[in-house]
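Try each one before reading the solution.

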2 protein chains.
Amino acid sequence: MLAAQLARHYPTVTLGTDALEAARILADARLPGLIVLDDHGQPYTVLPGSQVLRFIVPSYVQEDPALARAYDEASADSMCDELVARTVRDVLPKRVHLFDLPVVASDATSIEIAAVMAGQRSPIVAVMDGSRYVGAVVVSALLEHLLGAGSAS
Amino acid sequence: MLAAQLARHYPTVTLGTDALEAARILADARLPGLIVLDDHGQPYTVLPGSQVLRFIVPSYVQEDPALARAYDEASADSMCDELVARTVRDVLPKRVHLFDLPVVASDATSIEIAAVMAGQRSPIVAVMDGSRYVGAVVVSALLEHLLGAGSAS
């Protein structure tokens, strides 16, 4: 089976998407991260949920989580305020690694996708039909296919 | 809200779980990884789906995924054979990093959990009631809570 057949819709945001909206999409979709498309609609990187948290939790609390005890629940409110009037571009780390979101062509085979995921330790690959982003393959879907292929033989 | 209230059931395997069964659980649960408990039922690490793929895809193909084109679909069958008669212990990397699976106490606050996830760039934390594993908090559930706390104020 080829990437074009294994690819599914996966929530995306752009660099210009409101950061608070991106956090809501992450929460609603119950996903560990979102695919970020650049200004030309090309896969750019993954925005992990933990990166959103890095933006809203003060760095000294990240270094010593015991300090979080000094905050009450109401503080969660003002923490999320950090996301207001910010975009995904603001929230992403300054250095985006190109291998954060592997990309394969729509005619990549399942074993090629497995090799890319394995080599880059990625739970997701974006699938391109030429220069058009068409969806993503997640590792659980690929394993389902590989295991199914095995048991059917 | 405390970790005990935010924690949910999350699929776990043990070091002795059959590797093929672990792959099936990953596929069926549509998750990027599973929590691995040690022989004493304590959280040990996370088994990412990509690590399962690292075990079944030959390393020279991981280094050059274009070589995957030499394999046909039927080869997926024999690849998954690599998992037969192996355990999760066999499939895990030789060096397991202790921070791969952060752990918090059941009375940790939501902000403390956020600090741990942010500091360790983890999409998941295991929750312990004393020495008993009670479940996990994933980043999307934590964001849902933090955003809800914000909008309700």
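**Exercise 1.** How many residues does the contact take from chain A, and how many from chain B? Work out the buried area as well.

*Solution.* Keep in mind that this is a predicted model. Start with the head count: chain A puts in 56 residues, and chain B puts in 56 residues too. Next comes the area: the two chains bury about 4800 Å² between them, with 65% of that on carbon and sulfur atoms.

**Exercise 2.** Find the charged and polar links across the interface of chain A and chain B, then say which helices of chain A supply the touching side.

*Solution.* Begin with the salt bridges: the rule gives 6 across this interface. For a salt bridge, the nitrogen has to sit within 4 Å of the carboxyl oxygen. Arg30(B) and Glu144(A) pair up this way, at 3.4 Å from N to O. Then look for polar contacts, where 7 residue pairs turn up. On the chain A side, α2, α3, α4, α5, α7 and α8 each bring at least two residues. The largest share, 10 residues, belongs to α8(A). By type, the chain A side splits into 32 nonpolar, 13 polar and 11 charged residues.

**Exercise 3.** Now describe chain A by itself: what are its elements, its span and its buried share?

*Solution.* Finally, 51% of the 153 residues of chain A count as buried.

Key:
Residues numbered from 1 in each chain as written. Chains lettered and ligands numbered in written order. Predicted model: local features only at pLDDT ≥ 70, side-chain atom pairs only at ≥ 80, totals over all residues. Heavy atoms only, no water. Contact = heavy atoms within 4.5 Å. Buried area = accessible area lost by both parts, 1.4 Å probe. Salt bridge = Lys/Arg side-chain N within 4 Å of Asp/Glu carboxyl O. Polar contact = N/O pair within 3.5 Å; in protein donor to acceptor, adjacent residues only side chain to side chain. Helix = DSSP H or I, 4+ residues; strand = E, 2+ residues; numbered from the N terminus. Nonpolar A, V, L, I, M, F, W, Y, C, P; charged D, E, K, R; others polar. Buried < 20%, exposed > 50% of the residue type's maximum accessible area, 1.4 Å probe, protein only.
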